[in-house]
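I opened this notebook to record what I looked up in one structure. The entries follow in the order in which I made them.

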Amino acid sequence: MNNNLKWIFKSLHLIISLSIVVPTAIVYGSPSVLPEHLDIQVNTIDLSNMLKAIMCLYLGISLIWTLGIWKTKYWKIATQLNVLFMLTLATGRALSMIIDGFPTGGYIFGIIAELLLGLFSLYQLKKHAME
């Protein structure tokens, strides 16, 4: 298999995660955009502060994923972080669905995507563990 193609398949989980999480971070950090995409009204400075902190957390994690894509020595830690990030988000959403009820469609997509990406990342970790 071509080295470029092998590199893409090995890092596919990180590439997909980046393509979803970076735009999500930007939306979370943009209070004027949130009502258009999600049923969230940012009415307090505290909520705005929390959302900007989440935005920067998402972007910081995305930086580690980017390092994992471009530098092989960071691939494993980036993949482990992806597993932790995706599966804990999915767990939190599932917990909220049980306690609080079902959210809007964007968050339903979120739990499905996070669960699939977390499990796919685990698969990738096991598949490429010996490299």
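**Pocket and helix contact**

I first recorded that the lining of the largest pocket divides into 14 nonpolar, four polar and two charged residues (Ala, Val, Leu, Ile, Met, Phe, Trp, Tyr, Cys and Pro count as nonpolar, Asp, Glu, Lys and Arg as charged, and the others, Gly among them, as polar). The model is predicted, with local features needing pLDDT of at least 70 and side-chain atom pairs pLDDT 80 or more, while totals for chains, interfaces and linings use all residues. Residues are numbered from 1 along each chain, and side-chain values use heavy atoms, without hydrogens and water.

I noted that this pocket (on a 1 Å grid over the protein atoms alone, an open set of points where a 1.4 Å probe fits, with protein on both sides within 12 Å along at least five of seven lines; lining residues have an atom within 4 Å of a point) is lined by 20 residues. Ile20, Thr24, Tyr28, Gly106 and Phe109 lie nearest its centre. Helix 6 (105-127) gives the most to the lining, seven residues (helices are DSSP runs of H or I, at least four residues, numbered from the N terminus).

I then looked up helix 2 (residues 12-28) and helix 4 (residues 45-70), whose axes come within 9 Å and cross at roughly 160° (axes are lines fitted to C-alpha atoms over the stretch in contact, and angles run from 0 to 180 degrees between N-to-C directions). Helix 2 and helix 4 are therefore roughly antiparallel (an angle over 145 degrees). The contact (heavy atoms within 4.5 Å) includes Leu14 of helix 2 and Trp65 of helix 4. Its residues divide into 15 nonpolar, five polar and no charged.

Notes
Helix = DSSP H or I, 4+ residues; strand = E, 2+ residues; numbered from the N terminus. Parallel < 35°, antiparallel > 145°, perpendicular 65-115°, else oblique.
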